[in-house]
2 protein chains.
Amino acid sequence: MSRLDSVIRRLKAQRSCLNFAAGELTGQQGAILELGLGNGRTYDHLGELFGRDAIYVFDRRVAAHPACIPDDQHLFLGDIHDTLPAAAERLGRSALLAHCDIGTGVEEENRKLAAYLAQALAPLLAPGGLLISDQPIALPDSEAVALPEGVPANRYFIRRVVS
Amino acid sequence: MSRLDSVIRRLKAQRSCLNFAAGELTGQQGAILELGLGNGRTYDHLGELFGRDAIYVFDRRVAAHPACIPDDQHLFLGDIHDTLPAAAERLGRSALLAHCDIGTGVEEENRKLAAYLAQALAPLLAPGGLLISDQPIALPDSEAVALPEGVPANRYFIRRVVS
């Protein structure tokens, strides 16, 4: 499989997971957390699924396409070690979905970040809320959700907050 | 259509065009020209289709994944206004395929570049050779080739050198 094949597979898997979450969460009101804005592609996709007003974005800096930049009210700029606790204070446990595409390519860093996210996202995700991530995250009081068809195992992970 | 949908569609269209070219050129020997290395994804894909030894890459600088960097013999580094004439001297009219993913987002620049490529690629592409590009390029003595199934019109362009 070439790197072109691989990126197509990854992006399609990502889209399948986001679309799956939108189906699961139909009719529910709550915040959507996008960790890592990057070039803004998944933010744009989440905007089509949930409306941009619901989405809060976390990143260290903005490097996205101009059409994919949230307004200041929906942007937590800085280190997530600071911004996630700040978001928990402001938003409370109101999030329906957190999407974390944050793999760094360095396994040790990924593990540390995943451990931090597990405890930092818990005060944000509402019961029934979903966590979609490219790394396994041991979210407390959550269960694994079967991946949508066509998403390769261990490429993405979906968990649902039980209580 | 979100920007995520759009990039998936673009990458799949690109892959379809490259795979189509490989089918058309089966069994023929010649050079493959990759204009713009970028992150090296399409170079990697072309390598699977044609073998890396056949591929010559043109770019201003190397910013690709370490696994996707050609050796010095297969890399023309610099401005294509210099490197394409140099390649024509070294390789002659031996290229089976040129792949140009070079759109800048600025229409006027794209037009200028396309006009240059039309005359700079002519001394490189062998009769029967294919040109795949994300911009229309008025290659002399060439005919339009129908796009493979699933590739949206005007997203890619394929031309075949007639004589």
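User: What makes strand 3 and strand 6 of chain A the edges of the sheet?

Analyst: In this predicted model, chain A has an open sheet of seven strands in the order 3-2-1-4-5-7-6, with mixed pairing. Strand 3 (75-77) and strand 6 (142-144) of chain A each have a single partner strand, so one side of each is left without a neighbour in the sheet. From one strand to the next, the twist averages 15 degrees.

User: How do you know that strand 5 and strand 7 of chain A are paired?

Analyst: Pairing requires at least two bridges between the strands. Strand 5 (residues 125-133) and strand 7 (residues 157-161) of chain A are joined by four bridges, so by the cut-off of at least two they count as a pair. The two strands run antiparallel, and L131(A) stands opposite R159(A) in strand 7 of chain A.

User: Which strands of chain A does helix 1 of chain A touch?

Analyst: Helix 1 (residues 3-24) of chain A packs on the sheet and touches strand 4 (95-100), strand 5 and strand 7 of chain A. The direction of helix 1 makes about 165 degrees with that of strand 5 of chain A.

User: Why are helix 1 and helix 2 of chain A called roughly parallel?

Analyst: Angles under 35 degrees count as roughly parallel. Helix 1 and helix 2 of chain A pack at about 25 degrees, with their axes 10 Å apart. The two helices are therefore roughly parallel to each other. The crossing of helix 1 of chain A past helix 2 of chain A is right-handed.

User: Which residues make that contact between helix 1 and helix 2 of chain A?

Analyst: Helix 1 of chain A brings Q14(A), R15(A), L18(A) and A22(A), which meet T42(A), H45(A), L46(A), L49(A) and F50(A) in helix 2 of chain A. By type, the residues of this contact are five nonpolar, three polar and one charged.

User: Why is helix 1 of chain A called roughly antiparallel to helix 1 of chain B?

Analyst: Here the cut-off is an angle over 145 degrees. The axes of helix 1 of chain A and helix 1 (residues 3-24) of chain B cross at roughly 150 degrees and come within 10 Å. That angle makes the two helices roughly antiparallel. The crossing is left-handed. From helix 1 of chain A, L4(A), V7(A), I8(A), L11(A), K12(A) and R15(A) take part, and from helix 1 of chain B, L4(B), V7(B), I8(B), L11(B), K12(B) and R15(B). These residues divide into eight nonpolar, no polar and four charged.

User: How do you know that chain A and chain B have the relation of a two-fold axis?

Analyst: Chain A is superposed on chain B by a rotation of 180 degrees with 0.0 Å of shift along the axis, at an RMSD of 0.0 Å. That is the relation of a two-fold axis. In chain A, the C-alpha of I8(A) is nearest the axis, 3.1 Å from it.

How values were computed: Residues are numbered from 1 along each chain as its sequence is written. Chains are lettered from A and ligands numbered from 1 in the order in which they are written. This is a predicted model: local features need pLDDT of at least 70, side-chain atom pairs count only at pLDDT 80 or more; totals for chains, interfaces and linings use all residues. Axes are lines fitted to C-alpha atoms, for helices over the stretch in contact, and angles run from 0 to 180 degrees between N-to-C directions. Two residues are in contact if their C-beta atoms, placed from the backbone, lie within 7 Å. Copies are superposed by least squares on the C-alpha atoms of residues with pLDDT of at least 70 in both. Angles under 35 degrees count as roughly parallel, over 145 as roughly antiparallel, 65 to 115 as roughly perpendicular and the rest as oblique. A crossing is left-handed if the near helix is turned anticlockwise from the far one by less than a right angle, and right-handed if clockwise. Ala, Val, Leu, Ile, Met, Phe, Trp, Tyr, Cys and Pro count as nonpolar, Asp, Glu, Lys and Arg as charged, and the others, Gly among them, as polar.
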